[in-house]
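Here's a quick briefing to read alongside the structure. Take a look at the model first, then work through the points below.

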Amino acid sequence: MAKATTKTKKKRKASLASRNARIGFLFILPWIIGFAVLFLYPALQSLKYSFMNWDKDAILNLKGQSDAAFTLANYEYALTGDATYIRDVVSSLGTMVYEVPLITFFSMFIAGLLNQKFAGRTIARMLFFLPVIIASGGIISILQSGGMSTSIGGEESIYMFKTTAMEDVLVSTGISQDIINFLTTTVSKIFDITWKSGIQILLFLSGLQGVPSSYYEVSSMEGATAWEEFWKITFPLLSPTTLIAVVYTIVDSFTDYRNVVMKDIQTAYGALELGRSAAYSWIYFVIIGIIIFLVNKIIFSKTVYIEE
Amino acid sequence: MDKSVKERMKPQKIKKNKFGLQKFSKSYVFKELAKWAYIIFRTFLFIGLAYVILYPLLTALSKAFSEDYMASATVEWIPKNFGMTNMKIAWSTYLNMPDSMFLSIRLSLVAAILQVVTSAIVGYGFARYKFKGRELLFSLVILSIIVPPQTYLIPMYIIYRRFHWFGLSYLIQLFAPNFESNLLNTEWSMWLPAMLGVGLRGGLFIYIFRQFFRGMPKDLEEAAWIDGCGPFSTFVRIMVPNALSAALTVFLFSLVWHWNDYTVAGMMFPTADVRPISVMLITQSAKAANGSLYTSLSADINNSFILNAAVLIVITPVLVLFGFLQKYFIESVDRVGIKG
């Protein structure tokens with residue numbers, strides 16, 4: 001008798017679990033359909049395109065080209081034939097390596113300031129929200145260049161706040177030119193950094209609010225300085241947020257309107273070189289994917305979580 | 001009471017220096033000075049950054065309403081002659097207003113609502129139900145955040161050109177052989193992915209809802225189940241009313257991002273006369289950047305004034321929305337708590 005009841009109980013438990021699984025599956029069903037039809041399928045298609053030799057007439061007449069032979073010509077062209085592609089990839093990666101840490105620390109710093117209580121905090125928060133609202137690369141680049149076309153405005157128009165006075169002072173002190181260049185471009189890039197940090201500041205703000213205030217109370221009782229508090233409490237406890245912010249920054253710079261590689265992809269597409277355009281984007285995506293994976297590994301290994 | 005305590009209870013005599021002013025200890029003075037230096041530093045920093053953020057917007061404002069294109073060297077902020085010429089050209093020629101704005105409003109409003117609904121449902125499924133392959137599927141959600149739309153936009157274009165409605169159109173073609181469904185240049189090219197949770201940054205919204213639902217106590221649902229509430233009515237009656245703050249965040253962000261979107265919308269509205277407003281704007285600015293249209297400096301400057309006016313027109317609705325809802329915008333992020 002007792003045996004029988006445990007058996008039915010087990011059965012019921014199993015059926016409950018499978019019922020739950022089915023219900024859960026139903027909940028995510030819309031996404032599964034969307035992912036399969038509107039993400040996975042086109043992504044695989046684009047991978048296929050990158051291995052195909054496209055006939056421009058077929059594209060113009062909207063005929064499919066399912067019978068095209070497998071070819072590596074597009075990748076070969078991207079890596080050896082195209083004069084600008086590799087250079088653009090390297091330069092965009094260079095900007096990324098330089099900007100991601102800057103943006104991360106800048107937004108962490110600003111979030112730390114905005115988290116304090118002071119007069120005018122609401123206004124300050126509103127200000128830093130503006131870049132989130134106007135978070136469109138196209139509009140920002142118009143605002144930055146003042147609407148002047150880069151072909152005439154030239155390189156200068158990229159820097160909205162160029163600091164020539166600072167450069168002069170530094171040169172007269174005799175510091176090496178490389179350091180001066182780094183410093184001046186960093187200061188000149190204040191526009192870019194500020195406008196690209198919107199979401200990251202929000203992330204850090206909400207991360208800071210998750211740090212229990214009791215930790216700070218204890219540390220101040222023990223006589224820790226603000227500097228120690230930051231590095232021993234705030235920074236480690238913000239590490240999950242830092243991870244998200246870094247990945248977000250990388251993805252954002254990757255999809256940015258002003259990204260030179262994205263322009264290459266668009267140009268190739270505009271010239272109806274579909275295969276080439278697809279190959280460009282896949283090479284770039286694989287590189288970024290590896291970078292994100294590595295960053296994830298490095299930061300993840302040092303991430304501290306608050307026990308809930 | 002012993003002597004030392006009595007001593008301490010006596011009112012302390014304030015030490016005065018030779019000028020008759022109160023004398024503070026050195027460490028106290030140092031601390032006060034540091035505090036004030038910090039406050040001054042913070043204030044200056046914020047003023048400086050406020051300048052960086054507001055400067056382009058203010059110049060845009062100044063340029064948009066200035067009548068003389070070739071600005072004289074003495075004019076920096078306040079234009080010599082005010083006028084609406086730039087605005088008028090931007091309004092009708094550059095942006096094709098007001099049709100493009102109506103299209104943008106329709107597009108982003110419906111897409112935002114659809115994204116909220118779908119990502120809430122999907123996020124709830126990921127947060128509360130265990131099933132085989134859940135972790136794998138969720139990692140695919142993360143993947144969809146990381147893969148940029150540019151990678152798969154071209155096949156999307158071709159899919160939308162002849163959309164089969166998941167095989168339904170084949171069925172219709174049995175009766176009407178010429179039936180063809182072209183989603184390009186229609187709002188459906190944005191609504192459909194939004195409806196299925198793979199719209200603009202759809203993965204991120206699913207992530208936000210999942211985190212939110214995971215943080216909610218399970219007691220409420222359990223009570224509802226015991227009272228005989230089914231899983232779907234539990235979701236609608238118990239979870240949704242509690243998730244309004246998360247829904248508002250997702251809605252606002254989705255709205256703003258759809259409004260600003262150029263990459264996807266530019267691809268999906270290739271030939272229409274009326275294109276979403278941000279697409280109209282970027283197309284105009286790209287024309288100038290290619291140098292094909294404006295070869296002389298004066299033409300370029302002229303164009304830059306009109307572009308600034310156009311930027312103002314595009315961002316004004318979003319700024320107004322932000323002005324009214326800024327409290328919700330700012331607080332919503334705190335409340336939802338996007339955390340790792």
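A residue counts as buried under 20% relative accessible area, exposed over 50%, and partly exposed in between, using a 1.4 Å probe and protein chains only. What you have here is a predicted model, so local features need pLDDT of at least 70, side-chain atom pairs count only at pLDDT 80 or more, and totals for chains, interfaces and linings use all residues. Residues are numbered from 1 along each chain as its sequence is written, chains are lettered from A and ligands numbered from 1 in the order in which they are written, and side-chain values use heavy atoms, with hydrogens and water left out.

**The two chains**

- Chain A has 16 helices and zero strands, where helices (H or I, at least four residues) and strands (E, at least two) are DSSP runs numbered from the N terminus.
- Chain B comes to 15 helices, again with zero strands.
- Of the 308 residues in chain A, 45% are buried; in chain B, with its 340 residues, the share is 48%.
- Chain A has an accessible surface of about 16100 Å², with 65% of it on carbon and sulfur atoms, while chain B shows about 18000 Å², 65% of it on carbon and sulfur atoms; these areas come from the Shrake-Rupley method with a 1.4 Å probe, and for residues only the protein chains shown count as cover.
- Take the contacts (heavy atoms within 4.5 Å) in chain A with a separation of 6 or more: 73% of them involve residues 24 or more positions apart.
- For chain B, 68% of the contacts between residues at least 6 apart in sequence join residues at least 24 apart.

**Where the chains meet**

- Chain A puts 82 residues into the contact, and chain B puts in 98.
- Together they bury about 8100 Å², 79% of it on carbon and sulfur atoms; buried area is the accessible area (1.4 Å probe) that two parts lose on being put together, summed over both.
- A:Phe27, A:Trp31 and A:Leu38 supply 11% of the area that chain A buries against chain B, more than any other three residues.

**The loop between H4 and H5 of chain A**

- A:Gln116 sits in this loop, between helix H4 (85-114) and helix H5 (121-133), and is partly exposed because its relative accessibility is 29%.
- Leaving aside residues up to four places away in sequence, A:Gln116 touches A:Arg121, B:Tyr38 and B:Arg42.
- A:Lys117 is in the loop between H4 and H5 too, and its C-alpha is 37 Å from that of A:Val169, 52 residues apart along the chain.

**Two helix pairs**

- In chain B, H9 (residues 202-214) and H12 (residues 244-260) pack at about 170 degrees with axes 10 Å apart; axes are lines fitted to C-alpha atoms, for helices over the stretch in contact, and angles run from 0 to 180 degrees between N-to-C directions.
- H9(B) and H12(B) are therefore roughly antiparallel: angles under 35 degrees count as roughly parallel, over 145 as roughly antiparallel, 65 to 115 as roughly perpendicular and the rest as oblique.
- The residues in that contact are 10 nonpolar, two polar and no charged, with Ala, Val, Leu, Ile, Met, Phe, Trp, Tyr, Cys and Pro counted as nonpolar, Asp, Glu, Lys and Arg as charged, and the others, Gly among them, as polar.
- In chain A, H5 and H11 (residues 198-209) pack at about 130 degrees with axes 7 Å apart, which makes H5(A) oblique to H11(A).
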